[in-house]
Amino acid sequence: MLSEPRSGRLASWGNALLAGLVSPDEAALAVVGEDAVHRVEGVPGESAPVGLTLALGRLRGLGVSGLRVALPAPGHPLGLSGPPEFNARALEAEEAAVCQGAALGLVPEVSEAGPEGDVHV
């Protein structure tokens, strides 16, 4: 079974949003996919985690013109050129979305919640 990285969905739908091809809500729904919810932490100007729709809008407002996928592996940090802390988190997650037009990047952190048989990601 083929599994796509979350950063790939974020980059493809985020780029469609930035190009004006889809609405913010459409992009956010496509990125979330079968996950329960996505919250973005560390968005400049926000003191707490925010929803994906707001985060994508904030990134656009900060000058982000595109997103690209980085799929690093130990010993081969493909696509990473950020600060050491970002690179380390991306290596641990084995993926990241790197922003073009602003010195920002996003690394997915996946968690599960709920009782056995009804777990949400």
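## Basis of the description

Contact, as the term is used here, means heavy atoms within 4.5 Å. By that criterion, Leu 106 touches Leu 10, Val 40, Leu 59, Leu 67, Phe 86, Ala 96, Ala 97 and Cys 99, leaving out residues up to four places away in sequence.

The structure is a predicted model, in which local features need pLDDT of at least 70 and side-chain atom pairs count only at pLDDT 80 or more, while totals for chains, interfaces and linings use all residues. Residues are numbered from 1 along each chain as its sequence is written, and side-chain values use heavy atoms, with hydrogens and water left out.

## Nonpolar cores

A nonpolar core is a set of buried Ala, Val, Leu, Ile, Met, Phe, Trp, Tyr and Cys residues joined through side-chain atoms within 4.5 Å. Buried denotes under 20% relative accessible area, exposed over 50%, and partly exposed the range in between, with a 1.4 Å probe and protein chains only. The largest nonpolar core has 22 residues, and those with the most contacts inside it are Leu 10, Val 40, Leu 52, Leu 67 and Leu 106. Two or more residues of this core come from each of helix H1 (6–18), helix H2 (24–32), helix H3 (52–61) and strand E4 (96–100). Helices (H or I, at least four residues) and strands (E, at least two) are DSSP runs numbered from the N terminus.

Three strands form an open sheet in the order E3-E4-E5, with antiparallel pairing; two strands pair if DSSP finds at least two bridges between them. Strand E3 (66–70) and strand E5 (105–106) stand at the edges with a single partner strand each, so one side of each is left without a neighbour in the sheet. E3 and E4 run antiparallel and are joined by 5 bridges. Arg 68 has Val 98 of E4 as its bridge partner, and Gly 66 stands opposite Gln 100 in E4.

E4 and E5 pair in the antiparallel sense over 2 bridges, with Ala 97 opposite Leu 106 in E5. These two strands form a hairpin with 4 residues between them, and Gly 101 in the turn has a positive phi of about 95°. E4 is mostly covered, since 4 of its 5 residues are buried.

## Helices H1 and H2

H1 and H2 pack at an angle of about 170°, with their axes 9 Å apart. Axes are lines fitted to C-alpha atoms, for helices over the stretch in contact, and angles run from 0 to 180 degrees between N-to-C directions. The two helices are therefore roughly antiparallel to each other, a description applied to angles over 145 degrees; those under 35 count as roughly parallel, 65 to 115 as roughly perpendicular and the rest as oblique. The contact is made by Arg 9, Leu 10, Trp 13 and Leu 17 of H1 together with Pro 24, Glu 26, Ala 27, Ala 30, Val 31 and Val 32 of H2. Arg 9, in helix H1, is buried, with a relative accessible area of 14%. Arg 9 touches Glu 4, Gly 14, Ala 30, Val 31, Val 32 and Asp 35, not counting residues up to four places away in sequence.

In H2, the buried residues are Ala 27, Ala 28, Val 31 and Val 32. Seen down the axis of H2, these residues fall within an arc of 125°, so they line one face of the helix; the arc is that of the directions from the helix axis to the C-beta atoms. An α-helix has 3.6 residues a turn, so residues three or four places apart point the same way. The buried residues of H2 pack against H1 and H3, while Asp 25 and Leu 29 are exposed on the other side of H2. Gly 33, with a positive phi near 55°, follows H2.

The buried residues of H4 are Phe 86, Asn 87 and Ala 90. Viewed down the axis of H4, they fall within an arc of 95°, so they line one face of the helix. These buried residues pack against E4 and E5, whereas the face turned away from them carries the exposed residues Pro 84, Glu 85 and Glu 92. H4 is followed by Glu 94, whose phi is positive, near 65°.

Pro 72 is found in the loop between E3 and helix H4 (84–93) and counts as buried at 3% relative accessibility. Leaving aside neighbours within four places in sequence, Pro 72 is in contact with Pro 77, Leu 78, Leu 80, Ala 90, Leu 91, Glu 94 and Glu 95.
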